[in-house]
Amino acid sequence: EAQRAERRTTLQDSVEFACQFYEQKLRSPEGRVAYDYLRDRGLSDDIIKKYRLGYAPNGNALKGSLSRDSIPEDVAIEARILSPGQDGRSSFDFFRDRVMFPICDARGRPVAFGGRVLGEGGPKYLNSPETPLFHKGHLVYAFSQARKEASEKAEIIVAEGYMDVIALAQAGINNAVAPLGTALTE
């Protein structure tokens with residue numbers, strides 16, 4: 001149990017590292033297109049910061065940064081911030097040239113990501129696969145941000161996706177969440 005808890009903490013640390021990396025890249029010259037996309041969608045810097053939005057650059061910039069900070073490759077692969085290579089190829093950044101939406105647990109810790117492609121190509125949205133930290137059927141997007149107001153109002157709004165939740169927050173409605181690719185039923 002202690003080993004599993006330690007591994008979970010190590011995985012959590014690697015996802016937090018990736019989240020900070022993506023946030024920094026959004027504010028860099030290479031993230032300008034992503035930043036402009038978010039601003040063109042009407043998002044303020046406060047909302048961008050509140051939801052910890054970021055940018056995953058092309059190439060393997062995250063992989064290089066992980067190795068410089070001594071985050072083991074096997075940990076990054078297990079957390080699915082890197083994809084394992086196939087047929088003898090080395091691992092590579094899972095997300096590339098995407099606006100990044102961290103998916104957080106109920107305590108507000110990033111456990112996975114959704115990424116929206118910029119420009120042509122697909123899929124439009126790419127989400128982290130399930131990992132020891134992330135089980136999409138057990139989480140909703142932005143619950144940690146919506147929790148307080150949802151409790152105070154005794155209601156929660158379920159929107160379709162990330163940008164819907166964030167647009168509602170931009171309009172002052174802070175009790176919205178979104179499913180993570182799972183269908184809702186009564």
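Which residues are buried in helix α2 (residues 32-40)?

1. **Buried residues of α2.** This is a predicted model. In helix α2, the buried residues are Ala34, Tyr35, Tyr37 and Leu38. Why do they lie on the same side of α2? Their arc around the axis is only 155°, which puts them on the same side of the helix. An α-helix has 3.6 residues a turn, so residues three or four places apart point the same way.

2. **What α2 packs against.** The buried residues of α2 pack against helices α1 (2-26), α3 (45-50) and α7 (162-170). They also pack against strands β1 (54-56), β4 (98-104) and β5 (110-117).

3. **Gly42.** Look just after α2. Gly42 takes a positive phi there, of about 90°.

4. **Arg52.** This residue is not a glycine, yet its phi is positive, at about 55°. Arg52 sits in the loop between α3 and β1. Both of those elements are packed against by the buried residues of α2.

5. **Asp97.** Here is another non-glycine with a positive phi, of about 50°. Asp97 lies in the loop between β3 (92-93) and β4. Is Asp97 buried, exposed or partly exposed? Its relative accessibility is 21%, so Asp97 counts as partly exposed. The cut-off matters for this call: buried means under 20%.

6. **Aromatic pairs.** How many aromatic pairs does a search of the whole structure find? The search finds nine. One of them joins Phe21 and Tyr22, in an edge-to-face arrangement. Their centres are 5.9 Å apart, with 70° between the planes. Phe21 and Tyr22 are both buried.

7. **A stacked pair across the chain.** Phe101 and Tyr162 also form an aromatic pair, and this one is stacked. The distance is 5.0 Å centre to centre, and the planes are 15° apart. The pair links distant parts of the chain. Phe101 is in strand β4 and Tyr162 is in helix α7, 61 residues apart. Both residues are buried. Strand β4 and helix α7 are also among the elements that the buried residues of α2 pack against.

8. **An aromatic cluster.** Which residues form one aromatic cluster? The members are Phe21, Tyr22, Phe94, Phe95 and Phe113. Phe21 and Tyr22 are thus in the cluster and form the edge-to-face pair described above.

Terms used: Residues are numbered from 1 along each chain as its sequence is written. This is a predicted model: local features need pLDDT of at least 70, side-chain atom pairs count only at pLDDT 80 or more; totals for chains, interfaces and linings use all residues. Side-chain values use heavy atoms; hydrogens and water are left out. Buried means under 20% relative accessible area, exposed over 50%, partly exposed in between (1.4 Å probe, protein chains only). Helices (H or I, at least four residues) and strands (E, at least two) are DSSP runs, numbered from the N terminus. The arc is that of the directions from the helix axis to the C-beta atoms. Contact means heavy atoms within 4.5 Å. Rings of Phe, Tyr and Trp (its six-membered ring) pair if their centres lie within 6.5 Å; planes under 30 degrees apart count as stacked, over 60 as edge-to-face and the rest as tilted.
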